[in-house]
Amino acid sequence: MIFLLLFSVLPTSIRPIPFLHADPVFFGLKDPVHPPLTSPPRCGVFDEALSLYCVTPLVRFAIPGSNALLPPLSRSAELCTEYARFNECTNGVDEGCRKLVAPNVQQMYATICEEKYATLLKEEKDCLQELEEDKALVECFAEKNGNDKEKETAEKYSLFSSNSPTECSLFQSFAECLMERPGNTCREAVKLSLSLVSSLGTRDSSSPCQFVLPSAKPEPSTPAPMEVCDEKNMNCSCRESGWVYDKNEKRCKDVDECVDDSAGCSQFCTNIPGSFLCSCNSPWYSLGADNRTCLRDDTDPLWLFFAHGQSIWNISADGRSFQLQRAALHKTAMIDVDVKERRIYYADIGANSVERMNIDGTFSQSVQKYEVEGMEGIAVDWVGRNLYSVRRKDILVQALDGRFRRKLYQGVLQQPRAIALHPARGLLFVSDWSSSAFIAAATMDGTFFKKIITERITWPNALVIDIHADRIYWADAFLDTIEVANLDGSGRRTVVSDSGSVPHVFGMALADDYLYWTDWTYRGLLRAHKLSGENMTVLAQTALLPYSIKVFHPVLQPNVPNECPSKTCSQLCLISPPLNHTSTGTLLDRVLPPFAAVSSQCACGDGFRLHADGKTCESECPDGHFVCGGVDAKCITRLYVCDGVNHCSNGADEANCPPRICLPGQFQCHDNKRCVGAHALCDGRADCEDDSDETFCPSYQDKKPGRQRDHEPATTTKSSTTKLPTIPSLLPLKFLRY
């Protein structure tokens, strides 16, 4: 291998170019924690000189000649001894000043000498030495970086990174040569080498090189054939694990362990000839010692919040700590959390309101005070700072404080049940349990909607996104299953299929390697491993039916680069997938760097249109609507004018009204002769003598007469051989809504 890395802070004779970033999606071990980018400390002359003096032998030892891309990992014990001498030599030097001198060298040694990594290097000493002496790797590296290859790679990576394209090309070539190495030996040593490149390349996540594994994997060419057959060539098998004999082609073929999750990777899995590589979404997770499990770097405890009808509770992830957060609610089934502002959002259907409160249960305030009946799910967009919901046939979005409500997708649903967001990708997902049940994916800016699951699905009650693995999980309360698929619906498989384990799931959440859900039959909260469904545990049981459940932890709502803070939109800023897609067919299945900067655009609430400047909103309220002025600019139907509730923040909708004879929240007929409940508005039947409860309703029927909101579809029943759990004086739980 050819070494071209020289560090700029040292004399020319020993000055390497800084290490670059590798994409941790493909090659991930534990990443070192890097300090925030701040103004560099000032170094005294003595400290600087001493640091340079101490680091020089460290660099010379790591770069024995001009034929290596990495230091001699087979001599890791000697490397770590030299690193210990450097730390002793710089004892007393200001920490900030010391880190300024050859920071990449120090980072490299810190990674190599990390306890678990150093142990693995010692175990693979012989194979690492074999890689270092492999002349074929030198020839491969030289060939890939000759002619116009470097120029082509430079142009490619200039789209993704501010690093030097030439340097990115070198690292890409190095990875490709290792991956294309003939034979199937020393695979663990290859993994360790690739992991070191990854770890060294994550010091500045704002400008990483984009690494891509070879899409076409060459079959191994070993001196001895992979196939082993008997004397008559009737029974054949493969010489090594990770291969399977194809009787039709009469040869051994690579097994793709990533297709069915048999590899057991927590987050990302990359297939290689005869084996596989697991990796994690850095910097939030690091690969564990088993090279499969992704371990959360932030060890703060997880907390679960769940709705309990008339109350909201929190519970620790192990089920040992239980605490009431909010009581005296009417009928609360849907909740979500906002980690940034440490708040809980919840929809109280009985009170016809959406509210929010601090995570400790204090300072509750109203977000939405009308048109909440029929709402089936809410979800916080922690990136664009919006609140999404599904209600009747529509998907809606509004600011977190409730302003600028907008119907994002109209008429796309029949009987919506759940909504889940993936703001890091600019995507949302919804489920519908109508007679033609489905799960759909859509962009969060309202420009793309596609059904991704339409077969073998009946009552998709619960929906959750594994944002760190780009997967969607759902529970079917009719089929008694929990399933998983990729974001485009491919790779579908069943995690749990047992009526005794998941008889009636309502809500579901995910954190790390575990799924958490509420179940109506058990009247409790349960947990199981997200890949296998094993280690199923009942965390707690409840007195009443448990509803929506969410996990509170910063790792589940990480910071994602976006343009919304700088766009200065007058109303809404809606995010969308990171790249400009020429075809919506690639929107869900295209591989992107984890949590790249999402795109965004300004939008307006219903009754307003976007000005030509792309930022300002202008009123265009239709007839039969009332325009709220002030900072809470919106159009409301005249059904809510003079109803005793301030729907406009400035109270304009309740000014100059006749005396109220009805309770707050009730509709007072315009002839002042009758009071009508909110549930009876726009139901297609005139309850007022002057028809005023139907006059200002939308042209389409939002609510069909006679629809039973408290039951599952009567047209769908289970087989007569299925035993349904019952509770005295109640309908079977399978047929209850809420």
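Predicted model: local features only at pLDDT ≥ 70, side-chain atom pairs only at ≥ 80, totals over all residues.
Biologist: What is the phi of Asp-261?

Modeller: Here is the general idea: most residues other than glycine have a negative phi, and most peptide bonds are trans. Asp-261 has a positive phi of about 65 degrees, although it is not a glycine. Asp-512 also has a positive phi, near 55 degrees, and is likewise a residue other than glycine. You will find Asp-512 in the loop between strand E28 (505-511) and strand E29 (514-519), and its relative accessible area of 18% makes it buried.

Biologist: And the peptide bonds: which residues does a cis bond join?

Modeller: Look at Ser-282 and Pro-283, where the bond is cis with omega at about 10 degrees. Pro-283 belongs to the loop between strand E6 (275-279) and strand E7 (285-287).

Biologist: Back to Asp-261 for a moment. Which side chain joins that of Asp-261 in a polar contact?

Modeller: That of Arg-471, at 2.6 Å. Arg-471 lies in strand E25 (residues 471-476) and is buried, at 13% relative accessibility. Leaving aside neighbours within four places in sequence, Arg-471 is in contact with residues including Asp-261, Val-464, Val-484, Asn-486 and Leu-531.

Biologist: Let me try another side chain. With which side chain does that of Gln-398 make a polar contact?

Modeller: With that of Gln-368, at 2.9 Å. Gln-398 sits in strand E18 (residues 394-399) and has a relative accessible area of 2%, so it is buried. Not counting residues up to four places away in sequence, Gln-398 touches several others, among them Val-367, Leu-387, Phe-404 and Leu-572.

Biologist: For contrast, is Lys-250 buried or exposed?

Modeller: Lys-250 counts as exposed, with 62% relative accessibility. Find it in the loop between strand E3 (243-246) and strand E4 (251-254).

Biologist: Now helices. At what angle do the axes of helix H2 and helix H4 cross?

Modeller: In general, two packed helices are described by the angle between their axes and the distance between the axes. For H2 (residues 76-89) and H4 (residues 103-112), the axes come within 10 Å and cross at roughly 125 degrees. The two helices are therefore oblique to each other, and H2 passes H4 in a left-handed crossing. From H2, the contact is made by Ser-76, Leu-79, Cys-80, Tyr-83 and Phe-86, while H4 gives Gln-106, Tyr-109, Ala-110 and Ile-112. Sorted by class, this contact has seven nonpolar, two polar and no charged residues.

Biologist: How many of the ten residues of H4 are buried?

Modeller: Eight, so H4 is mostly covered. Among the buried ones are Gln-106, Tyr-109 and Ile-112, which also take part in the contact with H2.

Biologist: Zooming out, how many helices and strands are there in the protein?

Modeller: Twelve helices and 40 strands. Of the 738 residues in the protein, 54% are buried. Among contacts with a separation of 6 or more, 53% are between residues 24 or more positions apart.

Definitions and conventions. Residues numbered from 1 in each chain as written. Heavy atoms only, no water. Helix = DSSP H or I, 4+ residues; strand = E, 2+ residues; numbered from the N terminus. Buried < 20%, exposed > 50% of the residue type's maximum accessible area, 1.4 Å probe, protein only. Polar contact = N/O pair within 3.5 Å; in protein donor to acceptor, adjacent residues only side chain to side chain. Contact = heavy atoms within 4.5 Å. Axes fitted to C-alpha atoms, helices over the stretch in contact; angles between N-to-C directions. Parallel < 35°, antiparallel > 145°, perpendicular 65-115°, else oblique. Left-handed = near helix turned anticlockwise from the far one by under 90°. Nonpolar A, V, L, I, M, F, W, Y, C, P; charged D, E, K, R; others polar.
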